[in-house]
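I opened this notebook to record what I looked up in one structure. The entries run from the overall fold to single residues.

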Amino acid sequence: MIWGQVFRVTFRVALGVVLSMVLLSVCVPPGIAEARDQPESVQSKSVGNANEIQKLDQAAAILYRDVMDGNIEKARADVGEVIRWFSTGQVQAALSVEAIHALSGSILEVQQATQSVQASPDEWVKAAANLRLATDALAHPRQPLWQQYYKILKEDVSGLNTQFAKGNMKGFAAGAAVLEDHYVTIRTAALIHGKTSEVVRTDSWISYVKGLGDQQNVNASAIRGALEQGNPTFNALFGREKDATALAPFIPRESERRAELAIGMMVLLVLTYVGYRKYRTGFFG
């Protein structure tokens, strides 16, 4: 009898502790404790990084506007301002190695396009748009402009399916070139957004589709199989969860992790209670 009372008290205390842990894990937003404990120097550095990134994004926006207005002389000076902000350690510290390489390549393309006497206005706009979307992805990671290209690229894939269904391989090849053009415009932004593996996959898919379109002898089954992967590939690139989960390992969201913790605690409590019942039956039986 005494053992039963002791166990019941212990069980109630444990239950209270566990429920408190569960409620805290569910109710307290992740990262708050860490943010409170950060030294002032770390917080100041974060603010400095954000300021440098905003300056870079503003410089790229001005450059894009001047290119769109046809003011190439002004755009050439704008490139220097972009390079100045990109060269700061604060900006590069916020980027992965792949993102630094991609962003520096975008800046170089704009510089070459605006300085070349042979470059067309279309080339200027493409290069400036690529850079504009890239710096925006760095400055506004939660709502980047490059995500607006999702519908455009899905329509490009739909166009490829239409041309293939008609048996128009010239139209198919032309459509693949247009799709690649649109994709290249957002590629650097996607890398900055942390979509490295998805970018590698998309690179391979587009290269494969273009190769199929350029072949003299049409391989219908290969093209059909490739086109079936078009929408899932771009869904993964843009983080559309319907198909993205089929292409990458599932990573639970924070809310799902908290739910799993709560369920795990409940299971633990049930097992503890069952063990107690068995122990009590065996002890007194």
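The entries below follow the order in which I consulted the structure.

**Basis.** I worked from a predicted model, in which local features need pLDDT of at least 70, side-chain atom pairs count only at pLDDT 80 or more, and totals for chains, interfaces and linings use all residues. Residues are numbered from 1 along each chain as its sequence is written, and side-chain values use heavy atoms, with hydrogens and water left out.

**Overall fold.** I found 14 helices and zero strands in the protein; helices (H or I, at least four residues) and strands (E, at least two) are DSSP runs, numbered from the N terminus. I noted that buried residues make up 34% of the 285 residues. Buried means under 20% relative accessible area, exposed over 50%, and partly exposed in between, with a 1.4 Å probe and protein chains only. Of the contacts (heavy atoms within 4.5 Å) with a separation of 6 or more, 70% join residues 24 or more positions apart.

**Core.** I next looked up the largest nonpolar core, which has 59 residues. Such a core is a set of buried Ala, Val, Leu, Ile, Met, Phe, Trp, Tyr and Cys residues joined through side-chain atoms within 4.5 Å. Among the residues with the most contacts inside it are Leu 103, Trp 146 and Phe 234. Helix α9 (residues 169–192) supplies the largest share of this core, 10 residues. I listed the partners of Leu 103 beyond four places in sequence; they include Leu 56, Phe 86, Leu 131, Ala 134 and Ile 192.

**Helix α7.** I checked the span of α7 (residues 121–139): its 19 residues reach 27 Å from first C-alpha to last, close to the 27 Å expected, a figure given by 1.5 Å times one less than the number of residues. In α7, 14 of the 19 residues are buried, so the helix is largely enclosed by the rest of the structure.

**Helices α9 and α10.** I recorded that the axes of α9 and α10 (residues 196–214) come within 9 Å and cross at roughly 165 degrees. Axes are lines fitted to C-alpha atoms, for helices over the stretch in contact, and angles run from 0 to 180 degrees between N-to-C directions. The angle makes α9 roughly antiparallel to α10, a label for angles over 145 degrees. Residues of α9 including Phe 172, Tyr 183 and Leu 191 meet a set in α10 that includes Val 199, Trp 205 and Ile 206.

**Gln 216.** I located Gln 216 in the loop between α10 and α11 (220–228). Gln 216 counts as exposed because its relative accessibility is 75%. Gln 216 and Met 169 are 47 residues apart in sequence and 9.6 Å apart in space, C-alpha to C-alpha.

Notes. Parallel < 35°, antiparallel > 145°, perpendicular 65-115°, else oblique.
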